[in-house]
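Good morning, and thank you for coming.

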Amino acid sequence: MLDDVRVGFTSALSSVKRGNKKTLMFIIFVLALIFMNLIFLPSFIGGISSMFTNFMDYSYGDIVIEPPGENPYISNSDNVLQKVRAIPDVKSATKRLDAGVSIQYNQKVVGSTLTGLIPSEEYGVSNYPYIIKEGEFLGDLSQDEIILGGMLVQGYFGSEIYDNLGTVRVGSLVNVTYANNIERTYKVRGIMEGTFELVDLNALISYEEIEDVFSLNGSKATSIVIKIEDNADPAEVKQKIILAGVKEPVFTSNEKSDAILRQAMQSIDMIHVVSNIVSLIVGAALIFIIIYINTLHRKREIGILKAVGITPGSIRISYVFISIFYVVMGILVGLIIYFSLMFYFTRNPVLFYENINLVPEIQGGLIIKSIFKMLGMSVIAGFIPAWFVTRKSILDAIWGR
Amino acid sequence: MGKIMEKEKIAIRVQDLVRHYNTDGIMVKALNGVSFEIHKGEFIAIMGPSGSGKTTMLRILGLLDKPTKGNYTINNLNVVDLPEEERNYYRLTQLGYVFQDYALINEMSVAENVYILSLMEGKSKSESISTAKEALEKVGLGDKLDRVPNQLSGGEKQRVAIARAIAKKPRILFADEPCANLDTQTSRQVLEVLNTLNKKFGQTIVMVTHEAWHTSYASRLIQLRDGLIVNDKKLRG
């Protein structure tokens, strides 16, 4: 066996060293494209998927707990939070209070949802703190201050679609009327833009403010939003939350997501899976065809090697080595092209839906998986044709029959 | 005692060898029952018109093909029913085969073409290289180890093929029209190499040829016609 490997390696090395360089370059180029096909489109799809996931993060984090039945609030949400935070896969959690309001600035009035939140806790749960385009995010000591969604402000993303508050800016005073007819005046502390309707039509204020307006006590909340560890499965964590004794309804963000958004994400995931399978099949077929043609081209050589006493095993090993060499070179060239394109598209993102920048996502796991898939295919693609040819009689192989 | 000694002298014993094969629905009777013996140290020339069965016979003796019927032994070993793996090993260690069209691997250097067989036999790389060098020096190509076949003349290629065949010191060397593609002068060089191997090193050689003057190097001539031996005579020795 060791002799087979030594002879196979020597034979493969000569073949690569002295083989036709143009053919070698062509094979490597095609293999590089096959590898690119395995990782490039999925990177874009991954980018879209991440974009939608980020949208979901604002409202629901990874998991959201809501009031039971017809109750408007979760009672004693601090107790629920305590149970949730004790679960190992939970990274962070916070409570929120939502209220329907109308906001007035000068003569303009718009309806909106005002979310009362604990600002310092939002950093670990949602993207709200990171999408402030003007002014600043709320602080835990903020009083009588409000953050407006971009769609409520003239000139921001999507503001032309619905009514907006016109020229309101950071520092402007707006009047907010709650469902219980309490009216309060707040100073605009910041304007946020998430390029997503569910976010940009909302406004944010401190949790205590809503609690105060509705005279709530006992740590009421309209939702508890939970962020889990990166490698944790939301469905599994949801079960753990239920097992921890949380009686309120628990939803994963996927379950809670808007129907259209959910459908879009499912479609994207499906495209992702289909594209992966198709790429893999096309890649496997192409690698196989390239190596098979290359091997058939050397049928006579294989016959000669057999005729002089080289074992079929070492001939097969030689073709597996050659095949691995082609594929490794193809992967290296593919990676150079891939990272060059990623570098370009990161600096020049594809414009998606007016002004959403779609940035492809470099997925290390996907790249490593694709490298292993390519190497696996190369072993099979090198072995099978060589196995076929070495099974032929010496004279048939030499005569190319 | 005499029988045992006689047996030890025999390199190949062929008994009623038949080879029929089907080509595009036509039955070709290449060999129709040939029997003969070849002694160690003989230089046999096999002649005959095209289609007489000489190449077919050489391929069968060289374990590249199998007979339809009949028996033959090489160095007293019945090789007809040897499993493929053992035939391969026997080819590697006991037999050398020189093809009409050199059959060199173009992507390997002259040295690699020769030493790869020693590697296969389990020798170390340095040992294999020195064996190859020795064989190439025997055929006068000791200075062309790093060339590739495409950089050699026809005669040189054939001498590399001979070096490859003799490097492993085979018991029997088969040569299938080794001078078919060569001019007279180059053919003479190749035949001189074979002659030296036979006379100086006692190498048993079985050579198929078309040219009558090539037989002047041989010690015995076997002539075939229609798959049968029509003449078998000693030429010298």
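**From one bridge to the whole assembly**

Let me begin with one pairing: in E8(B), Thr204(B) is the bridge partner of Ile172(B). Please keep in mind throughout that this is a predicted model.

Strand E7, residues 172–176 of chain B, and strand E8, residues 204–208 of chain B, run parallel and are joined by 5 bridges. On to the neighbouring strand: E6(B) also runs parallel to E7(B), with 4 bridges between them. Within that pairing, Tyr97(B) stands opposite Phe174(B) in E7(B).

Which strands make up the sheet, and in what order? There are 6 in chain B, arranged as E6-E7-E8-E3-E9-E10 in an open sheet with mixed pairing. Strand E6 (95–98) and strand E10 (228–234) of chain B each have a single partner strand and stand at the edges, so one side of each is left without a neighbour in the sheet. From one strand to the next, the twist averages 15°.

Helix H6 of chain B, residues 154–167, lies across E6 and E7 of chain B and runs at about 170° to E6(B).

For chain B as a whole, the count is 7 helices and 10 strands. Of its 237 residues, 46% are buried. Among contacts in chain B with a separation of 6 or more, 66% are between residues 24 or more positions apart.

I turn now to the nonpolar cores. The largest has 109 residues, and those with the most contacts inside it include Ile44(B), Val114(B), Ala163(B), Phe174(B) and Met207(B). Helix H11 of chain A, residues 312–347, gives the most to this core, with 10 residues. Apart from that core lies another, of 55 residues, with Val110(A), Val176(A), Phe196(A) and Leu204(A) among them.

What does Ile44(B) touch, leaving aside residues up to four places away in sequence? The answer is Ile38(B), Ile205(B), Val206(B), Met207(B), Ala218(B), Arg220(B) and Ile222(B).

Let us follow H11(A) further. H11(A) packs against helix H12 of chain A, residues 364–391, at an angle of about 145°, with the axes 8 Å apart. The crossing of H11(A) with H12(A) is right-handed. On the H11(A) side, the residues that meet H12(A) include Ile315(A), Tyr319(A), Ile322(A), Tyr326(A) and Ile331(A), while Met374(A), Leu375(A), Phe383(A) and Trp387(A) are among those on the H12(A) side. By class, the residues of this contact divide into 17 nonpolar, 4 polar and 1 charged.

Finally, the contact between the chains. Here 19 residues of chain A are in contact with 19 residues of chain B. Which elements give two or more residues to the side of chain A that touches chain B? They are helix H1 (2–18), helix H10 (299–307) and helix H13 (394–398) of chain A. H1(A) gives the most to that side, with 8 residues. The residues on this side of chain A comprise 7 nonpolar, 8 polar and 4 charged.

Thank you; I would be glad to take questions.

Notes
Residues numbered from 1 in each chain as written. Chains lettered and ligands numbered in written order. Predicted model: local features only at pLDDT ≥ 70, side-chain atom pairs only at ≥ 80, totals over all residues. Core = buried A, V, L, I, M, F, W, Y, C linked by C-beta atoms within 7 Å. Buried ≥ 20, exposed ≤ 12 C-beta atoms within 10 Å, placed from the backbone. Contact = placed C-beta atoms within 7 Å. Pairing = 2+ DSSP bridges. Axes fitted to C-alpha atoms, helices over the stretch in contact; angles between N-to-C directions. Left-handed = near helix turned anticlockwise from the far one by under 90°. Nonpolar A, V, L, I, M, F, W, Y, C, P; charged D, E, K, R; others polar.
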